[in-house]
Amino acid sequence: MRTKRLIIKPLDDASLGRLLRRQSDPELIKAYGEMLLGSRRHPNSRLWYTAWMISLPDGTEVGDICFKGPPDENGTVEIGYGIIDRYRGHGYATEAVRAMCSWGFSMPRCYFITAETEDGNHASERVLEKCGFERAGKGREGNLWERERPASATVPALMCLGMATGLVTGLLAFSNMELGMCIGLIIGTAAGIALDIADRKKRKRKHR
């Protein structure tokens, strides 16, 4: 993925293994080890397990970001991220988290993204707040934050479907392509909004 200032690229097993061997912190060794194990055990969904390197356009590595496995039965995934000390304070984490959330929500069955922060980690909290996360109580390792899939991830797909359907209907029923597309766009938008509202209610019931 490319953002305004960053390149965010998933690591293959060899690169992830090299990243693991560079670590000396026990917690990071454990975390990267679990990523590598998950990537090897689940090759068809390894993008949900592996680390994604965050780099500048010139190739300078500034940190990494990951999901901790694919969506669970409630459509929830957890995100984790880290920026190298000397590159902090430039907004790179915020830019990367926003991009990864957009990617996650574009995937099937991903409706909630969570993150955890340690008490006093105000920098990470600000990143999550800027990216649309809200406090959601306590998690297993710290304060729990959550962001729900926005309606904008569902409605455009229905709008496109409505336009396509309207185009065909307009040609067949009215011999007027423009009229058909307008009707289809209205129907598609209305259907998208209605389905998204119903889907949100169902997701929230399951999520509780």
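Reader: In what sense do β6 and strand β7 pair, and over how many bridges?

Author: In this predicted model, β6 and β7 (residues 143-148) pair in the antiparallel sense, over 3 bridges. Within this pair, Lys 138 stands opposite Asn 143 of β7.

Reader: What makes β6 and β7 count as paired strands?

Author: Pairing requires at least two bridges found by DSSP.

Reader: Why are β1 and β6 called edge strands?

Author: The open sheet has 7 strands in the order β1-β2-β3-β4-β5-β7-β6, with mixed pairing. β1 (7-10) and β6 (134-138) each pair on one side only, and are therefore its edge strands. From one strand to the next, the twist averages 30°.

Reader: What makes a set of residues such as the one with Ile 65 and Ile 79 a nonpolar core?

Author: Its members are buried residues of nonpolar types such as Ile and Phe, joined through side-chain atoms within 4.5 Å. The largest such core has 31 residues, among which Ile 65, Ile 79, Ile 113 and Phe 133 touch the most other members. At least two residues each come from β2 (51-55), β3 (61-67), β4 (76-83), α3 (92-106), β5 (112-117) and α4 (122-130). The element that gives the most is α3, with 9 residues. A second, separate core has 10 residues, including Leu 11, Leu 16, Leu 19 and Tyr 32.

Reader: Which residues does Ile 113 touch, not counting residues up to four places away in sequence?

Author: Ile 113 touches Phe 67, Val 77, Ile 79, Cys 101, Phe 105, Phe 133, Trp 145, Glu 146 and Arg 147.

Note on methods. Residues numbered from 1 in each chain as written. Predicted model: local features only at pLDDT ≥ 70, side-chain atom pairs only at ≥ 80, totals over all residues. Heavy atoms only, no water. Buried < 20%, exposed > 50% of the residue type's maximum accessible area, 1.4 Å probe, protein only. Helix = DSSP H or I, 4+ residues; strand = E, 2+ residues; numbered from the N terminus. Contact = heavy atoms within 4.5 Å. Axes fitted to C-alpha atoms, helices over the stretch in contact; angles between N-to-C directions.
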